[in-house]
Amino acid sequence: MASTSVVEVKCSKCKNAYEADVIDHIDLSEDRDLIKPLKSGKANRVQCPKCKKVMYLDRSIVLNFEPENVIVVFDKKARTTAAKESLMEDYRNVVSFNEILSEVAEETEFTIITKLDKLKVMLDDYLKAHK
Ligand SMILES: [Zn+2]
């Protein structure tokens, strides 16, 4: 199952602030129904309870390309080298404090993707390889 967390969202239409569930992490082997919304950039859909305005949040999402040993962080905002390095640093920190993850990380390729087009290609390849 995808793991989610609760974030505070401010409605772009009526400025109402509300809490919404957003996706942090997706295991593609288990969450295949999320591949389609991911490809259209609409994985994180929230709706204002007051005026019903729908928004799609640009948050970073971690994707496990299981059973391939590939972890992708999709983050449209990580366009600079510094932003990418900071994500990479977070990843190393998380991994280094967890013995099981450290072992997994040794055999896992970690990639940061900022462009939806590139993510689409990876997801299409994944779908072709794992029908
Ligand atoms: Zn609203």
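Leaving aside its neighbours within four places in sequence, with which residues is Ile 26 in contact? They are Ala 2, Asp 31, Leu 34, Ile 61 and Leu 63, where two residues are in contact if their C-beta atoms, placed from the backbone, lie within 7 Å. The model is predicted: local features need pLDDT of at least 70, side-chain atom pairs count only at pLDDT 80 or more, and totals for chains, interfaces and linings use all residues. Residues are numbered from 1 along each chain as its sequence is written.

Ile 26 also belongs to the largest nonpolar core, which has 14 residues. Such a core is a set of buried Ala, Val, Leu, Ile, Met, Phe, Trp, Tyr and Cys residues joined through C-beta atoms within 7 Å. A residue is buried if 20 or more other C-beta atoms lie within 10 Å of its own, exposed if 12 or fewer, and partly exposed in between, with C-beta atoms placed from the backbone. The members that touch the most others are Ile 26, Ile 61, Val 62, Leu 63, Val 72 and Phe 74. Two or more residues of this core come from each of S2, strand S5 (61–64) and strand S6 (70–74); the largest share, four residues, is that of S6. Helices (H or I, at least four residues) and strands (E, at least two) are DSSP runs, numbered from the N terminus.

These strands belong to an open sheet of five strands in the order S1-S2-S5-S6-S7, with mixed pairing. Two strands pair if DSSP finds at least two bridges between them. S1 and strand S7 (109–113) stand at the edges with a single partner strand each, so one side of each has no neighbour in the sheet. The twist averages 25° from one strand to the next, with axes being lines fitted to C-alpha atoms (for helices over the stretch in contact) and angles running from 0 to 180 degrees between N-to-C directions.

The sheet can be followed strand by strand. S1 (residues 3–10) lies largely in the open, because zero of its eight residues are buried. Eight bridges join S1 to S2 (residues 17–27) in the antiparallel sense, and Val 7 stands opposite Ala 20 in S2. Six residues lie between the strands of this hairpin, in which Lys 15 takes a positive phi near 65°.

S2 and S5 pair in the parallel sense over three bridges, with Asp 27 opposite Asn 64 in S5. S5 and S6 run antiparallel and share four bridges; Ile 61 has Phe 74 in S6 as its bridge partner. Lastly, S6 and S7 pair in the parallel sense over five bridges, and Ile 71 stands opposite Phe 110 in S7.
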